[in-house]
Amino acid sequence: MGGQQAPRHMIVVGMGWQSAALAEHALELVVQSLRMVGVCAPDYIAVPDFKNADTLPQNVAHRWGAGVLWVTRTQIKQMQAACPTASSTVMRHVGVASVAEACALAGAGDGARLCLSRQVFCGVTCAVAEGDRK
């Protein structure tokens, strides 16, 4: 058949979590979310940089050998209008209404689109985006 393969979009899982959340629950949610969009593995796990003292995202990313992208609060705020879901609880606690979706979109880069909106399980949220991140 030959021919050029179309460039593959980057798959980015955006994640948020409560401080008591367990890595095993985060892994379970990410596996389930990836399965829902028909993807085997993410290229990156994108998470808020104000949680950089927590090792949960590295533990999740390690499962697939994915990178961890630390998304700034400014980037998260810039993505709010593109996020289909919002949480008043998250807004009260961290000052933005959507963390997982915003992180996924910011992490996916140019042409980012959500493949899966926010999913919630045991204090963890995640969303899946694809984009042209270089």
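Visitor: Which residues does Arg-73 touch, when residues up to four places away in sequence are not counted?

Guide: Arg-73 touches Asp-49, Phe-50 and Val-94, where contact means heavy atoms within 4.5 Å. This is a predicted model, in which local features need pLDDT of at least 70 and side-chain atom pairs count only at pLDDT 80 or more, while totals for chains, interfaces and linings use all residues. Residues are numbered from 1 along each chain as its sequence is written, and side-chain values use heavy atoms, with hydrogens and water left out.

Visitor: Why does Arg-73 count as partly exposed?

Guide: Buried means under 20% relative accessible area, exposed over 50%, and partly exposed in between, with a 1.4 Å probe and protein chains only. The relative accessibility of Arg-73 is 33%, so this residue is partly exposed. Arg-73 is found in helix 3; helices (H or I, at least four residues) and strands (E, at least two) are DSSP runs, numbered from the N terminus. From Arg-73 to Cys-115 the separation is 42 residues in sequence and 22 Å in space, C-alpha to C-alpha.

Visitor: What is the order of the strands in the open sheet?

Guide: Its five strands follow the order 3-2-1-5-4, with mixed pairing. Strand 3 and strand 4 are the edge strands, since each pairs on one side only, and two strands pair if DSSP finds at least two bridges between them. Neighbouring strands are turned by 25 degrees against each other on average, direction ignored. Such angles run from 0 to 180 degrees between N-to-C directions, and the axes are lines fitted to C-alpha atoms, for helices over the stretch in contact.

Visitor: What makes strand 5 count as mostly covered?

Guide: Eight of its eight residues are buried. In a regular strand the side chains alternate between the two faces of the sheet. Here Val-124, Cys-126, Val-128 and Glu-130 point one way, Thr-125, Ala-127, Ala-129 and Gly-131 point the other way, and all are buried. As for strand 1, seven of its eight residues are buried, so the rest of the structure largely encloses it.

Visitor: Why is helix 5 described as largely enclosed?

Guide: Nine of the nine residues of helix 5 (residues 100-108) are buried, so the rest of the structure largely encloses this helix. The cover over its buried residues includes strand 1 (10-17), strand 2 (44-48), strand 3 (67-71), helix 3 (73-79), strand 4 (113-121) and strand 5 (124-131). Just after helix 5, Gly-109 takes a positive phi of about 80 degrees.

Visitor: What makes a space a pocket rather than a cavity?

Guide: On a 1 Å grid over the protein atoms alone, a cavity is a set of points where a 1.4 Å probe fits but cannot get out, whereas a pocket is an open set with protein on both sides within 12 Å along at least five of seven lines. The largest pocket has a volume of about 450 Å³; grid points are joined across faces, edges and corners, and a volume is the space filled by probe spheres set on the points.

Visitor: Which residues of the lining lie nearest the centre of the largest pocket?

Guide: Of the 21 lining residues, Gly-16, Trp-17, Gln-18, Val-90 and Thr-125 lie nearest its centre; lining residues have an atom within 4 Å of a point. Helix 4 gives the most to this lining, with four residues.
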